Amino acid sequence: MTRVVNRIPGRGAGIALGLVPFVATALLYLVGSQVRSAANPDDKLLPTPARLAETLRTYAAHEDVRSGQVLFWVDTAASLERLTLALVISAALGLLIGLAVGTVPVLRAALAPFVAALAMIPPLAILPILFIVLGLGELAKVALIVIGLTPVIARDISLRAGELPAEQLVKAQTLGASSWQLVSRVILPQMWPRLIDVVRLQLGAAWLFLIAAEAIASTDGLGYRIFLVRRYLAMDVILPYVAWITLLALVIDWLLRQLRARAFAWAR
Amino acid sequence: MACVTAKGLWKSYGEHVVLENINLEIGEHEFVTIVGASGCGKSTLLRLLVGMEKPSRGALLIDGQPVPPEPGANRGIVFQQYSPFPHLTVLGNMLLGLELRSSRFLGRLFGERRRAAIRKADQLLEIVGLTSARAKYPAQLSGGMQQRLSIAQSVICEPRLLLLDEPFGALDPGLTADMHKLILELWSANRMAVFMTTHDLQEAFHLGTRLIVLDKVRHDPQAPDAYGSRVTYDLRLHRATELRVALTA
C-alpha cells in the first residue's frame with residue numbers, strides 16, 4: 001500500500017476531485033433553497049435558481065426603467081475600468097519604487113523605511129481622507145486601490161531584486177554593465193514575471209478595496225450595486241453579482257498566468 | 001612587464017585575517033592556478049582581483065594601477081555557479097557583453113553591428129560546442145554547458161584577466177577533461193592572464209604555468225583567526241606550458 005502522500009490522481013480523477021467541492025456547495029444550496037421556498041414562496045434569503053436566473057436576466061438584458069441603462073453591464077464596465085487602471089498604476093509605481101529600493105543602496109536607505117511604514121497603514125483607514133481630498137469621483141476609488149497595492153508590490157519587487165545572486169551582478173559588471181544597464185538589461189527583465197506573480201496575488205486585495213470604495217461613495221459599479229440592494233435583502237441580485245465578481249477575478253488571474261507563461265518562457 | 005602585482009597584500013574581516021603579506025608578480029599571458037585548503041583565501045584573492053573586496057593593507061595592482069573598487073570590463077570572472085543570465089538565450093548571453101559596451105544607453109545592437117556581433121558570438125559558440133544550444137535558455141542546459149557558456153561569455157569581451165573561481169568544482173569528473181582542453185584553447189588563443197582556483201592539485205599542475213599554494217604558516221590555537229594564509233609555494237611550470245601549447249596548437 002503506497003503512502004497517501006505518494007498517491008497521485010490521474011488527469012480525469014484530478015478534475016473529478018476538483019469538481020467535488022463545487023458540486024457539493026451547489027447541492028447544499030439547492031436543497032436549502034428548496035426547503036425554504038417550500039415553506040415560504042417569497043423567501044428572500046436563498047432564492048431558487050429560477051429566481052436567480054430571472055433577476056439576472058432583468059439586470060443583464062433589460063434597460064433599467066429609471067436610468068435607461070442595462071445595469072449589469074454598466075456596473076461591470078465601471079468596476080473593471082477602475083480595477084484595471086488601478087492595477088496598471090500600482091504595478092508601474094511598485095515596479096519603479098521596488099527597483100529603486102532593491103538595486104540602489106542610497107535609494108534603499110532613503111526609501112525602504114518609508115515604504116515599510118507606508119505599507120502598514122490600513123488603506124481603508126485613510127479612505128475618508130481620500131474622499132475629502134480627492135472628492136467622490138473616480139480618482140479617490142482608484143487611489144485607494146493604488147495606495148493599498150503599491151507598497152506591497154514595491155516591497156516584493158525590492159526583495160526579489162535583492163535575491164538575485166551577487167555573482168550574477170558581478171558578472172554583468174565584468175561584462176561592462178553600467179548601473180543603468182545593470183538595471184535595464186539584467187535586473188528589470190528578471191523582475192517582469194515576478195511582477196505578474198505579485199499582481200496576481202494582490203488581485204484579491206484589489207477587489208476588496210474596489211468594492212469598499214464603491215460601497216461607500218459611488219453611483220455605479222459591482223460593489224455599489226451589491227451594497228445598494230442589500231437594503232431590500234435582494235439576495236437574488238447579490239448572489240449572481242458575487243459569482244460574477246469571482247468569475248471576473250478568476251479570468252483576470254488566468255490571463256495574467258497565460259501572459260507570464262508566454263512572454264517569459266525562461267522563467268518556468 | 002607584470003600584469004598583476006601584489007605587494008604586502010593583507011585582507012582581514014575584523015579580527016579574522018584571511019590573507020597575510022601576499023607578494024606576487026604575475027606576467028602577461030600566464031595561467032595561474034591557486035590551490036589550498038577550504039577557507040584558505042583562494043576565493044578572497046579572486047574577489048580582490050575582480051574588485052568585490054578591497055585590500056586591508058598593501059597594494060594589488062593590475063598593469064601598474066590599483067585594482068578599482070568595483071568590478072570592471074578588463075577582468076572577466078566565472079563562478080562555480082549562477083553565472084549565465086537566466087532570462088537570456090545562449091546567444092543572448094554571448095551578445096550581452098558586446099552590446100553593453102557598444103550601446104551605452106539601450107544596451108542593444110541593431111542592424112549590421114548586431115549581425116557582426118552575432119558572427120563573433122557564433123564563432124566562439126562553435127569553439128565551446130554550444131552552437132546547437134544557441135536558442136536555449138540556461139535552465140535547459142546541463143551544468144557543464146552552463147559553465148562553458150559562462151566562460152565564453154567572459155572571453156568574448158577579451159578581458160585582460162580571466163578569473164575562474166573553482167569553475168569545474170561542481171561538474172561531473174568525466175567532463176573536466178573536455179573543459180581543461182577548452183580553457184587551454186581559449187587561453188592560448190587570447191592575450192589574457194588566467195587566475196583559477198581549484199581544490200584539485202592535479203588539475204592545478206596540468207593547467208597552470210604558475211602554481212600558487214596558499215596556506216597558513218603560523219597557527220595560534222588560542223586565536224585561530226589571528227593569522228592568515230601566505231604563499232607557501234610559487235612554482236613556475238615552464239616545461240609543461242611548452243608541451244601543452246604544442247599539444248593544443
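**Labels and the values behind them**

Modeller: In chain B, 15 residues of domain 1 are in contact with 18 residues of domain 2. This is a predicted model, so every value is computed from it.

Colleague: What makes a residue of domain 1 of chain B count as in contact with domain 2 of chain B?

Modeller: Two residues are in contact if their C-beta atoms, placed from the backbone, lie within 7 Å. By that cut-off, 15 residues of domain 1 of chain B touch 18 residues of domain 2 of chain B.

Colleague: Which elements give two or more residues to the domain 1 side in chain B?

Modeller: They are α4 (143-155) and α5 (173-189) of chain B. Helix α4(B) gives the most, with eight residues.

Colleague: How does that side of domain 1 of chain B divide by class?

Modeller: Into eleven nonpolar, two polar and two charged residues.

Colleague: Where do the domains of chain B run?

Modeller: Domain 1 covers 2-84 + 141-248, and domain 2 covers 86-140. Their centres, taken over C-alpha atoms, are separated by 26 Å.

Colleague: Why does the radius of gyration of chain B agree with a compact globule?

Modeller: Because a compact globule of 249 residues would have a radius of gyration near 18 Å, and chain B has 19 Å. The C-alpha atoms of chain B fill a box of roughly 60 × 40 × 35 Å along the principal axes.

Colleague: What else describes the fold of chain B?

Modeller: Chain B has seven helices and ten strands. Buried residues make up 43% of its 249 residues. Take the contacts in chain B with a separation of 6 or more: residues 24 or more positions apart account for 69% of them.

Colleague: Why is Asn21(B) called partly exposed?

Modeller: Buried needs 20 or more C-beta neighbours within 10 Å, and exposed needs 12 or fewer. Asn21(B) has 16 inside 10 Å, so it counts as partly exposed. Asn21(B) lies in strand β2 (residues 16-27) of chain B.

Colleague: What makes the phi of Asn21(B) worth a remark?

Modeller: Most residues other than glycine have a negative phi. Phi of Asn21(B) is near 50°, a positive value in a residue other than glycine.

Colleague: Which residue of chain A has a positive phi although it is not a glycine?

Modeller: Leu233(A), with a phi of about 50°. Leu233(A) is in the loop between α9 and α10 of chain A.

Colleague: How do you know whether Leu233(A) is buried or exposed?

Modeller: By counting C-beta neighbours. Leu233(A) has 11 inside 10 Å, so it counts as exposed.

Colleague: Which residues of helix α9 of chain A are buried?

Modeller: In α9 (residues 222-229), Leu222(A), Gly223(A), Tyr224(A), Arg225(A) and Ile226(A) are buried. What covers them includes α3 (71-103), α8 and α10 (235-263) of chain A.

Colleague: Why does Ala60(A) count as partly exposed?

Modeller: Ala60(A) has 15 C-beta neighbours inside 10 Å, so it falls in the partly exposed class. Ala60(A) sits in helix α2 (residues 49-61) of chain A. Leaving aside neighbours within four places in sequence, Ala60(A) is in contact with Val70(A), Phe72(A) and Trp73(A).

Colleague: How is the packing of α5(A) and α6(A) described?

Modeller: Two packed helices are described by the angle between their axes and the distance between the axes. Helix α5 (residues 127-134) and helix α6 (residues 138-163) of chain A pack at about 145°, with axes 9 Å apart. The crossing of α5(A) and α6(A) is right-handed.

Colleague: Which residues make that contact?

Modeller: Leu127(A), Leu130(A), Phe131(A) and Leu134(A) come from α5(A). Leu139(A), Ala140(A), Ala143(A) and Leu144(A) come from α6(A). By class, this contact has eight nonpolar, no polar and no charged residues.

Colleague: How many residues of chain A are in contact with chain B?

Modeller: 18 residues of chain A are in contact with 25 residues of chain B. On the chain A side, α7 (166-174) and α8 (179-216) are the elements that give two or more residues. The chain A side divides into seven nonpolar, eight polar and three charged residues.

Technical notes. Residues numbered from 1 in each chain as written. Chains lettered and ligands numbered in written order. Predicted model: local features only at pLDDT ≥ 70, side-chain atom pairs only at ≥ 80, totals over all residues. Helix = DSSP H or I, 4+ residues; strand = E, 2+ residues; numbered from the N terminus. Nonpolar A, V, L, I, M, F, W, Y, C, P; charged D, E, K, R; others polar. Axes fitted to C-alpha atoms, helices over the stretch in contact; angles between N-to-C directions. Left-handed = near helix turned anticlockwise from the far one by under 90°. Rg over C-alpha atoms; globule rule 2.2 N^0.38 Å. Domains from an automatic or database assignment.
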